[in-house]
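Open the model in your viewer and keep the selection panel handy.

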Amino acid sequence: MALSIVHRVTGMALYFGTLLLAWWLIAAASGPGAYANVQAFTASSIGRLIVFGYTWALMHHLLSGIRHFVWDLGYGFKPNEREALTWGALIGGVSLTVLVWIAAYAIGGGR
Amino acid sequence: MSAQNSPAKSMRTPLARVRSLGASHSGTSDFWRQRLTAVAMTLLILPVIVIVLMLIGSNQAGAKLILGSLPIAIILLLFIVASAWHMKIGMQVVIEDYVHNEKLKLAGIMANNFFSFAVALASIYALLKLSSGV
């Protein structure tokens with residue numbers, strides 16, 4: 001498995017995704033009009049896709065990062081362990097993303 | 001990197017060159033800080049997700065109320081500082097790995113610093129403004 005590059009790519013996506021986060025916070029601090037603009041964007045299909053992608057990038061980068069921690073500490077270098085860590089990060093990242101979005105839809109009532 | 005490849009130019013022994021630079025005494029400070037901020041965000045990610053979920057469906061007035069509360073603002077401020085630091089180091093590593101033109105590399109590293117600082121400061125300012133109720 002060569003998922004190190006995915007760690008980098010998700011990191012880069014998160015890097016530029018912070019613009020969305022900053023926009024959202026600035027809008028909340030600016031007023032109802034600005035905040036409504038952010039909500040209109042995140043409610044649109046492209047906005048929803050971007051936020052979904054951002055959620056996955058964050059969850060994958062988190063778990064993939066934990067995988068690197070295990071390696072930093074000197075564990076998990078056997079071939080089967082490496083495979084397990086990599087698949088764990090991959091499957092865990094997708095699972096956590098779906099979980100967060102189920103929670104989001106449950107709270108938001110499908111908004 | 002080039003200093004390591006040209007030992008003839010230095011009278012210092014290899015030991016003197018690396019002494020006290022190990023274990024995060026600035027020799028590998030970025031490596032250490034990247035792990036430090038990663039651990040910080042790993043600890044903070046659950047409360048941050050809960051905060052974001054709490055904000056779903058609320059209008060600006062509701063969002064202001066939630067984001068302006070002290071514990072939530074502090075958690076988000078910690079997360080913003082850790083993430084800005086983490087992403088600045090991460091992007092620098094990527095630039096250093098792939099950009100081999102010296103001037104372009106320096107420009108990239110500078111832009112990376114500007115971007116990371118600007119995003120962090122804008123977010124921090126917004127949160128402080130929400131907290132102060134101005």
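Two residues count as in contact if their C-beta atoms, placed from the backbone, lie within 7 Å. Helices (H or I, at least four residues) and strands (E, at least two) are DSSP runs, numbered from the N terminus. This is a predicted model: local features need pLDDT of at least 70 and side-chain atom pairs count only at pLDDT 80 or more, while totals for chains, interfaces and linings use all residues. Residues are numbered from 1 along each chain as its sequence is written, and chains are lettered from A and ligands numbered from 1 in the order in which they are written.

Select chain A to begin. You will find 4 helices and 0 strands there, and its C-alpha atoms fill a box of roughly 55 × 25 × 20 Å along the principal axes.

Now move to chain B and pick residues 102–132, helix H6.

Which residues of H6(B) are buried? Highlight Ser116(B), Val119(B), Ala120(B), Ser123(B), Ala126(B), Leu127(B) and Leu130(B); buried asks for 20 or more other C-beta atoms within 10 Å of a residue's own, with C-beta atoms placed from the backbone.

Last, show the contact between the chains: chain B brings 25 residues and chain A 26 residues. On the chain B side, H6(B) gives the most, with 7 residues.

Notes. The expected span of a helix is 1.5 Å times one less than its number of residues. A residue is buried if 20 or more other C-beta atoms lie within 10 Å of its own, exposed if 12 or fewer, and partly exposed in between; C-beta atoms are placed from the backbone.
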